[in-house]
Amino acid sequence: MTDEEPTENISGGASGGGSVATFDPDSAGTRAEAVVDRLGELYWTKTYGGRDAFECLVRTILSQNTSDTASQPAHDALLDRYGDSEARSEHDLVAALAAADRAELAETIRSAGLYTQKSERIVALAGEIGAEFGGATGFDEFVKDADPDAVRERLLEMNGVGPKTADCVLLFAGGRGGVFPVDTHVHRIARRLGIAPADADHETVREHIERAVPAEKCGFGHTAMIQFGREYCTARSPACLDDPEACPLTDRCDQVGVAPADGEVVDPGDTV
């Protein structure tokens, strides 16, 4: 098993930090854990943490409502313009973005989509974090060292930071165990597999998975499930439609909302 992580994954590619995790697929205590173990065999088993918290927050905001293909260039352009700027050398990225011209920042991150809204959000967050934590270093220490429930609660109080964004910061920057961010892929797959209720919202899916999956497996389970959703269990054309044996999780899946015999796929919530 390699420690390399696919660069297209939202966790940040080769610079995502973390280390290889070990597990025994034969010892899974729940069905959800068995699913995560199987995904670990398919992709990678890596624990996370170590990324700069504010940069991780910005990166996740840029990824909202768009793909990695669109948001990664925006992230790179933002760091090229503000991460290496004179303001950065004197202060830090928080200070540079708090002082950024919003129109200029919006143009810089245009490829991420919703760039006007995201630029306003990033400038406001930078100002808030600078005022409360003194800059990137203070915010990073808070995310990594404070009680994780308190960190999550504070992040969710920030404008534009939802549960998935807060959980990504806790996982990829804070390195917190037991955090399983739920994006559209995870939300769809967990309900389709039957490891969460078919009509569960994102938070309910998160609660079910985090209860059923050991803390040390949540990080790689999240990233591997995203990869699985892209390669096999897509929203409209899951692999099992063409061939039940084409899916590596066919023996673990309830196929909620999927009818291979009819070639029909609906959201699991529509089956309730």
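# Exercises: sulfurs and salt bridges

The sulfur of Cys247 lies 6.2 Å from the closest cysteine sulfur, that of Cys240, too far for a bond. This is a predicted model, in which local features need pLDDT of at least 70, side-chain atom pairs count only at pLDDT 80 or more, and totals for chains, interfaces and linings use all residues. Residues are numbered from 1 along each chain as its sequence is written, and side-chain values use heavy atoms, with hydrogens and water left out.

**Exercise 1.** Find how many disulfides the structure holds.

*Solution.* 
- Step 1: take the rule. A disulfide is a pair of cysteine sulfur atoms within 2.5 Å.
- Step 2: check burial. Buried means under 20% relative accessible area, exposed over 50%, and partly exposed in between (1.4 Å probe, protein chains only). Cys233 is buried at 8%. Cys247 is buried too, at 13%.

**Exercise 2.** Locate the two partners of the salt bridge between Asp254 and Arg31, and state how exposed each one is.

*Solution.* 
- Step 1: take the rule. A salt bridge is a side-chain nitrogen of Lys or Arg within 4 Å of a carboxyl oxygen of Asp or Glu. By this rule there are 15 salt bridges.
- Step 2: check the distance. The closest N and O atoms of Asp254 and Arg31 are 3.2 Å apart.
- Step 3: Asp254 sits in the loop between helix H13 (215–231) and strand S3 (258–259), and Arg31 in helix H1 (residues 31–42); the pair links distant parts of the chain, 223 residues apart. Helices (H or I, at least four residues) and strands (E, at least two) are DSSP runs, numbered from the N terminus.
- Result: Asp254 is partly exposed at 48%. Arg31 is partly exposed at 32%.

**Exercise 3.** Is Arg154, the salt-bridge partner of Glu128, buried or exposed?

*Solution.* 
- Step 1: the closest N and O atoms of Glu128 and Arg154 are 2.6 Å apart.
- Step 2: Glu128 is in helix H7 (residues 115–133) and Arg154 in helix H9 (residues 148–157), 26 residues apart.
- Result: Arg154 is buried, with 15% relative accessibility. Glu128 is partly exposed at 28%.

**Exercise 4.** Describe the salt bridge of Asp267 and Arg191.

*Solution.* 
- Step 1: their side chains meet at 2.9 Å, N to O.
- Step 2: Asp267 follows strand S4 (264–265), while Arg191 lies in helix H11 (residues 184–193), 76 residues apart.
- Result: Asp267 is partly exposed at 35%. Arg191 is buried at 3%.
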